[in-house]
Number of protein chains: 2
Amino acid sequence: MTHPLFETHRARFEGAQAACRSRACWSPFPELPSKYPDSAAAQARGLAAFQAHLGTDAPRSFRLDQPGQIGELGEEVSPYTQAPLGIRYPQADPDVLFQAAEQAMDTWAAAPVDTRLGVLLEVVDVLYREHLFEVAQSVMHTAGQSANMAYAGSGVNALDRAIEALVYADQAMRSVAPTARWERRFGPSQIVLEKTYRLVPRGVAVCFSCASFPTWNAWPSMMASLATGNAVIVKPHPATVLPMAITVRVFRQVLQAAGFDPNLVTMALDSTQEPLGKLLVKHPKTAIVDFTGSVRFGQWVEQHAHPALCFTETAGCNTVVLESCTDLDAALRSLATTLCMFSAQMCTSPQNIYVPRQGVRTPQGPVPLEEVARRLADAVAALTGDPKKAAMILATIQSDQTLALLRQLQAEGARRGRVLLQPQPYAHPEFPQARTSTPLMLQVGTSERDLYGEERFGPVSFVIACEDAADALHQATTDVRQFGGLTAFLYSSDESYIARAEQAYARAGAQLTINLTGAMPLNFAAAYSDYHVTGLNPAGNASLTDLAFVAGRFRITQSRRPAAAAS
Amino acid sequence: MTHPLFETHRARFEGAQAACRSRACWSPFPELPSKYPDSAAAQARGLAAFQAHLGTDAPRSFRLDQPGQIGELGEEVSPYTQAPLGIRYPQADPDVLFQAAEQAMDTWAAAPVDTRLGVLLEVVDVLYREHLFEVAQSVMHTAGQSANMAYAGSGVNALDRAIEALVYADQAMRSVAPTARWERRFGPSQIVLEKTYRLVPRGVAVCFSCASFPTWNAWPSMMASLATGNAVIVKPHPATVLPMAITVRVFRQVLQAAGFDPNLVTMALDSTQEPLGKLLVKHPKTAIVDFTGSVRFGQWVEQHAHPALCFTETAGCNTVVLESCTDLDAALRSLATTLCMFSAQMCTSPQNIYVPRQGVRTPQGPVPLEEVARRLADAVAALTGDPKKAAMILATIQSDQTLALLRQLQAEGARRGRVLLQPQPYAHPEFPQARTSTPLMLQVGTSERDLYGEERFGPVSFVIACEDAADALHQATTDVRQFGGLTAFLYSSDESYIARAEQAYARAGAQLTINLTGAMPLNFAAAYSDYHVTGLNPAGNASLTDLAFVAGRFRITQSRRPAAAAS
């Protein structure tokens with residue numbers, strides 16, 4: 001007898017299993033907000049729910065009903081209004097959370113796999129049916145995404161990645177037989193043993209979520225840990241708490257309604273002034289760490305997580321190689337769109353664009369490097385010149401630090417190369433106070449490697465002149481190997497060059513998109529189909545989603561005893 | 001078209017796959033040397049091959065034909081003759097080995113999974129058909145095992161674990177689709193992408209093998225790394241090189257015969273005086289570390305392996321709880337056998353035997369603790385009193401250090417508790433110079449925890465008086481949690497006590513054997529059926545064999561591009 005919640009969601013789960021096998025396009029959710037059932041009403045409800053969280057006049061407490069509260073914290077500021085959200089969240093004593101999590105785990109871990117999957121699929125469903133636009137609004141006003149991206153990238157796509165994690169967790173757990181009968185002769189005696197294999201959770205998982213894209217990594221990480229029987233303590237970035245606070249509350253409600261201890265999921269909030277991250281990673285009860293965030297702290301986590309298992313996704317230098325093109329304008333339009341998408345505040349946004357000094361070959365003859373750079377800058381300018389279009393694609397800048405970085409890089413770029421495009425605020429049509437900037441584009445030579453040889457978080461890109469096509473590929477893949485890289489983009493009409501690039505990027509470990517033009521953002525990563533992060537370079541050690549992402553989160557213990565006497 | 005070598009071994013591989021699913025008893029190999037085809041001749045050939053390696057009069061060089069040789073090393077001494085083997089192995093420049101390994105990987109990694117599996121199954125077959133008794137002899141005269149254990153535990157059982165690792169590697173790799181067609185509408189355009197997924201090896205693996213049981217862990221580790229496309233550098237313990245040198249040579253020969261670069265498998269030997277272990281673990285090209293050996297160095301490896309992935313099996317306090325019994329004599333006989341097996345120089349040998357102060361309940365009434373301890377010591381003495389029987393079961397002591405430890409523990413035990421059984425050499429009937437000792441048995445209270453609260457490597461065990469049955473279980477599982485533990489043994493006729501013990505040991509992460517009597521050694525672990533090490537306590541982080549043992553050894557990269565225009 002499987003759990004009724006699993007039966008309720010069985011068709012959806014089986015659809016996801018089939019998609020993971022075929023890796024074809026599939027989702028149980030509509031990709032566009034307008035296709036959501038009774039969309040206008042749902043959006044209005046979501047907005048109202050979001051607004052009800054806000055402490056507009058006086059600080060408002062977010063109720064989480066979790067143990068160990070020792071105070072309240074909250075420092076979120078909307079990138080759209082640049083006003084504080086005024087929400088105060090419970091600040092918890094981590095020791096109490098760990099203890100509560102450990103107590104909660106026994107019953108959860110003892111439940112059949114189907115039961116855990118059913119409950120977690122119900123969480124997905126409740127997030128989708130009851131909280132999607134509330135989450136989207138909260139992502140907008142913390143991470144600063146556009147409404148559409150908040151709905152898709154931080155909403156349905158993130159739910160898809162969550163279901164995908166359940167599929168792999170299930171696959172790993174089902175590879176373990178529950179029982180066996182084992183029979184062998186030892187000298188004079190025939191030994192018959194009954195064996196029982198138990199899946200044992202590793203322990204308490206700590207899940208760090210990041211400021212600019214909180215749910216997309218956190219939801220699948222939480223699902224992977226919970227499906228395999230662990231408890232999760234969520235540690236949101238202090239700038240982007242609300243989406244995760246809503247998440248934690250939904251998990252807790254669904255777990256409790258299903259008869260489990262809600263303390264399987266809690267939230268440990270800290271502040272910019274007094275960060276809690278290192279303490280949580282080194283806590284003696286921490287058994288798993290999932291981390292999404294900065295390269296610097298991510299590397300600290302990887303080095304110090306032991307004995308906890310750790311899964312990281314940080315950032316890197318995503319590269320573009322422009323070697324040759326059948327339709328240069330189409331390629332540059334696609335590139336421009338992707339450079340602008342959410343002001344390049346995505347771990348998949350391209351940054352370093354390598355072009356051979358001799359220019360890009362096209363059917364109409366070679367286009368000189370200078371012209372390629374100018375036309376790309378023009379394409380970006382065209383996309384961002386109209387505030388309404390700009391708002392849709394650029395959205396806002398999550399943090400003031402990014403604006404400071406843009407100023408610094410503009411000055412350095414002017415000194416050491418050429419400024420192709422100057423950043424400037426644009427006036428958001430709905431939110432006049434929004435923190436915005438059009439992209440900064442620089443043209444430099446490979447001698448300025450220290451300038452572009454790390455992730456420069458925000459809307460900044462570099463057109464980099466190389467010796468030739470071979471050098472472009474060499475430079476780009478060296479970036480990936482040295483500084484990390486998640487995505488890579490290639491335009492070439494030369495099949496042998498493409499083959500070399502596929503080899504080189506596979507070895508460097510960046511996911512390569514070749515000759516793509518049209519309306520799809522080049523860096524779009526589809527759940528069930530696109531693997532996200534390879535683990536082969538410094539951009540992170542975990543992949544969404546492969547078996548390695550789930551297989552270590554539980555362990556196998558066994559007991560064996562003589563079988564009751566037979567014949 | 002699968003590779004001819006895969007076709008040759010397909011039936012064997014499919015048998016192993018079925019066994020891993022059912023976890024029933026299975027092996028393609030005969031468990032007893034006498035059942036080996038044309039056994040007497042094969043054993044004679046194996047002995048001759050072993051003897052041909054020896055430098056009896058003058059040192060003899062072991063030819064390995066691997067690059068980077070900078071000298072020769074060799075310090076092995078037979079525990080049976082206490083004379084040097086006189087074998088000199090190539091000492092290699094590690095940098096050259098790493099470079100050669102990296103060069104060798106590309107072609108290997110590009111080969112289809114079936115090809116790699118076919119070649120590795122051929123390695124298994126060549127080891128079995130041509131080298132099994134040669135390996136067994138070399139294990140005897142380095143590790144000190146008996147001929148039967150060297151044949152089974154270090155021979156066919158280790159080959160079974162090797163095949164098992166291939167089954168799981170295959171399972172993890174086959175969960176990745178090789179290609180996909182992905183189609184979705186984005187605004188006005190229908191995007192159709194062809195996606196290619198590549199399995200990319202993590203890099204060069206370093207495989208440490210241990211002095212007392214070299215092949216049982218090393219063979220599956222090597223197979224797991226090689227099947228997933230990596231190269232392997234083997235680092236044998238300087239006391240036990242020959243079995244691994246033969247192994248490395250066979251791998252190299254089979255790889256080369258199949259058209260691959262033999263430098264996929266090389267050996268990096270060091271000496272006791274100048275160990276190379278830390279350098280290998282921290283080498284910038286090390287991507288995977290498999291370690292079997294001491295707790296102390298194992299913990300160093302776990303802490304310092306990053307960014308390499310690491311898989312460890314070290315040691316722990318294996319515990320026994322004697323609560324109640326239907327047939328106490330049978331239980332004590334089984335325990336005595338297991339305490340003696342290879343002089344308890346196995347990571348699965350029991351050490352700490354917990355007995356309630358009130359004694360052990362039996363159908364004939366409670367048997368007092370003192371009597372249980374005496375009868376157990378008598379059972380051990382009975383097994384080891386006859387040199388011929390003793391030779392079969394105790395074999396030899398691998399290292400002089402173990403004899404020193406026995407002397408020290410005997411003195412301390414006499415002061416702090418009671419010596420139940422004094423160790424003494426026994427005269428090996430075939431090898432009069434053999435380094436031997438009968439077991440030391442001590443009886444102590446729980447106040448002497450510092451004495452037994454770590455692995456005491458060698459034939460030493462402690463009968464420990466506890467408050468009551470609940471305390472026995474508490475003490476035993478606390479040992480496992482604190483000091484590590486692989487196996488555990490329980491005798492109880494109380495089903496509710498058994499259920500509590502199963503829970504407690506599952507949480508502590510020791511594999512539990514309940515109420516087993518008869519001819520099977522209690523700590524026998526069967527490939528395809530018994531998971532070895534849970535990863536839940538300090539005795540190691542890896543399990544033979546689960547998906548987690550293989551899934552991280554390769555990564556997935558992808559490339560995608562617009563499909564050729566359809567309809």
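These legends describe close-up views of a predicted model. Local features are reported at pLDDT of at least 70 and side-chain atom pairs at pLDDT 80 or more, while totals for chains, interfaces and linings use all residues. Residues are numbered from 1 along each chain as its sequence is written, and chains are lettered from A in the order in which they are written.

**View 1. Chain A as a whole.** Chain A has 17 helices and 18 strands; helices (H or I, at least four residues) and strands (E, at least two) are DSSP runs, numbered from the N terminus. The C-alpha trace of chain A spans about 85 × 70 × 45 Å along its principal axes. Of its 567 residues, 60% are buried, that is, 20 or more other C-beta atoms, placed from the backbone, lie within 10 Å of their own.

**View 2. The surroundings of B:Val355.** B:Val355 is among the residues that touch the most other members of the largest nonpolar core, which has 384 residues. Such a core is a set of buried Ala, Val, Leu, Ile, Met, Phe, Trp, Tyr and Cys residues joined through C-beta atoms within 7 Å. Beyond its neighbours within four places in sequence, the contacts of B:Val355 include B:Leu322, B:Leu369 and B:Cys466; two residues are in contact if their C-beta atoms, placed from the backbone, lie within 7 Å.

**View 3. Helix H12 of chain A.** This helix covers residues 387–394, and A:Ala390, A:Ala391, A:Ile393 and A:Leu394 are buried in it. The buried residues of H12(A) pack against helix H10 (328–340) and helix H11 (369–384) of chain A. Just after H12(A), A:Ala395 has a positive phi of about 55°.

View 4. Strands E4 (residues 179–186) and E5 (residues 189–201) of chain A pair antiparallel over 8 bridges; strands pair if DSSP finds at least two bridges between them. A:Arg185 stands opposite A:Gln190 in E5(A). The hairpin of E4(A) and E5(A) has 2 residues between the strands, and A:Gly187 in the turn has a positive phi of about 50°. E5(A) also runs antiparallel to strand E18 (residues 554–562) of chain A, joined by 9 bridges, with A:Thr196 opposite A:Ser559.

**View 5. Where chain B meets chain A.** Here 60 residues of chain B are in contact with 60 residues of chain A. Strand E18 (residues 554–562) of chain B gives the most to the chain B side, with 8 residues. Strand E17 (residues 511–514) of chain A pairs with E18(B) in the parallel sense over 2 bridges, and A:Thr513 has B:Arg560 as its bridge partner.

Technical notes
A residue is buried if 20 or more other C-beta atoms lie within 10 Å of its own, exposed if 12 or fewer, and partly exposed in between; C-beta atoms are placed from the backbone.
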